[in-house]
Amino acid sequence: MKYYTIVLNQDIFAKYIEKSSDKIALISFCENDFEEIYQCFKQSCQGMNDFDDGMLNVVFFEFIGEDNYSYKMNYSNGEIKKGFKWPLKKLINQYKSSEKIIVEEEKIKNQIAQNYNENKIIKHKSLIPNYGKYNFIDRDSLESIAFRFKKSSKKEKMPLVIYFHGAGALGNDNVKQFLEYMGMGMGVSKRKCNVLVPQCKNGVGENIALIRKYCNSIKKLIEKLTDIAEIDFDRIYIVGASYGGACVWYSMYECPGFYTAAIALMGYFPTYNAHDFDVKKFEKENIWIGHAINDKAVSIKDDETMYHLLKNEGYNVKMSTYKRYGHKMSGIFLRKEKWKKWLFEQKKQS
């Protein structure tokens with residue numbers, strides 16, 4: 001059986017390239033190539049600034065088989081595990097669009113560098129009532145972040161709820177993340193609060209560095225929202241599922257004490273393996289974790305580990321564990337748990 005994946009380090013994987021462009025390559029290989037692919041994978045990880053030896057031990061090389069299943073190769077020992085169903089056709093389509101996305105992102109960075117001297121919010125026309133359509137220009141990182149925003153009807157400082165979407169809504173169309181938010185049945189629009197639904201751009205390969213950068217930009221966006229709304233910075237709440245669950249973890253870790261309460265659903269946070277991991281960054285956080293034991297898309301391991309680490313420190317954390325529902329658990333949680341009541345009851349710790 002043949003396996004396929006997309007890589008950035010074309011020289012290292014040159015022997016296995018099926019198709020390539022200036023920026024990326026689609027590679028294929030068989031079982032007999034696993035040992036050499038493992039060595040190429042390890043070589044490609046050398047010099048990764050965001051990963052010390054502790055983190056590297058939990059890094060995986062992901063690829064898709066002709067059987068339409070995902071596979072992961074462990075950096076520490078080369079062990080390969082079969083994952084969840086993932087259509088090979090989807091990977092091929094991703095390759096076709098990736099080069100265009102990379103070129104477009106470089107064009108955006110150049111435009112920001114030339115035209116903006118400071119952070120800025122740009123408003124666009126929107127056909128969706130109440131939820132305005134915007135872009136946030138982060139001048140420091142040369143990023144443009146698409147987002148939807150619902151302003152509270154109250155003319156006073158009001159809470160802000162942020163929803164971080166899953167990997168299926170990555171992009172810059174400013175639509176997919178909003179559709180996911182609406183489909184989750186969040187119901188916060190009935191609350192007297194502001195609502196922010198940002199969209200993280202597409203990324204190829206390991207995405208921890210992208211998430212960390214994105215979470216720092218979101219903090220700047222929240223601070224800039226005061227240009228268009230009254231925000232109570234003592235009541236800022238974050239909720240996220242899957243990729244968004246990881247964004248919740250990294251938002252707290254990158255910006256300790258900034259958020260009042262957080263709900264991380266089906267998330268991942270491998271940074272607790274890093275030698276410089278600092279658990280005290282979560283000391284003043286109010287956290288509710290949710291995950292299903294049978295989740296094959298995102299293992300419960302990180303959420304479970306973080307729960308025990310924080311609980312042992314005496315921090316304000318609780319966890320809802322489900323025996324079923326798999327990677328669809330977040331929708332069940334948001335519809336059935338009394339999470340809104342819990343969220344708005346939390347107070348910022350001094």
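**Close-up 1. Aromatic pairs, with Phe29 and Phe63 as an example.** The structure holds 34 aromatic pairs; rings of Phe, Tyr and Trp (its six-membered ring) count as a pair if their centres lie within 6.5 Å, and the pair is stacked with planes under 30 degrees apart, edge-to-face over 60 and tilted for the rest. In one of them, the ring centres of Phe29 and Phe63 are 5.1 Å apart and the planes meet at 75°, so this pair is edge-to-face. Phe29 belongs to strand 3 (residues 25-29) and Phe63 to strand 4, so the pair ties together parts that lie 34 residues apart in sequence. Helices (H or I, at least four residues) and strands (E, at least two) are DSSP runs, numbered from the N terminus. Both Phe29 and Phe63 are buried, where buried means under 20% relative accessible area, exposed over 50% and partly exposed in between (1.4 Å probe, protein chains only).

A word on the model before we go on: this is a predicted model, in which local features need pLDDT of at least 70 and side-chain atom pairs count only at pLDDT 80 or more, while totals for chains, interfaces and linings use all residues. Residues are numbered from 1 along each chain as its sequence is written, and side-chain values use heavy atoms, with hydrogens and water left out.

Close-up 2. Phe41 sits in helix 1 (residues 34-45) and Tyr75 in the loop between strand 5 and strand 6 (80-85), so the pair links distant parts of the chain, 34 residues apart. Phe41 and Tyr75 are both buried.

**Close-up 3. A cluster of rings.** Which residues do ring pairs link into a cluster? They are Tyr3, Phe13, Phe29, Phe34, Phe41, Phe61, Phe63, Tyr71 and Tyr75.

**Close-up 4. Lysines over ring faces.** Lys82 lies over the face of Tyr69, 4.1 Å from the ring centre. Lys219 lies over the face of Phe258, at 4.9 Å from the ring centre. For a charge to sit over a ring, NZ of Lys or CZ of Arg must be within 6 Å of the ring centre and within 35 degrees of the ring normal.

Close-up 5. Asn68 is not a glycine, yet has a positive phi of about 65°. You will find Asn68 in the loop between strand 4 (60-65) and strand 5 (69-74), and at 32% relative accessibility Asn68 counts as partly exposed. Tyr325, also not a glycine, has a positive phi of about 85°. Tyr325 is in the loop between strand 15 (316-322) and helix 8 (329-336), and its 27% relative accessibility makes Tyr325 partly exposed.
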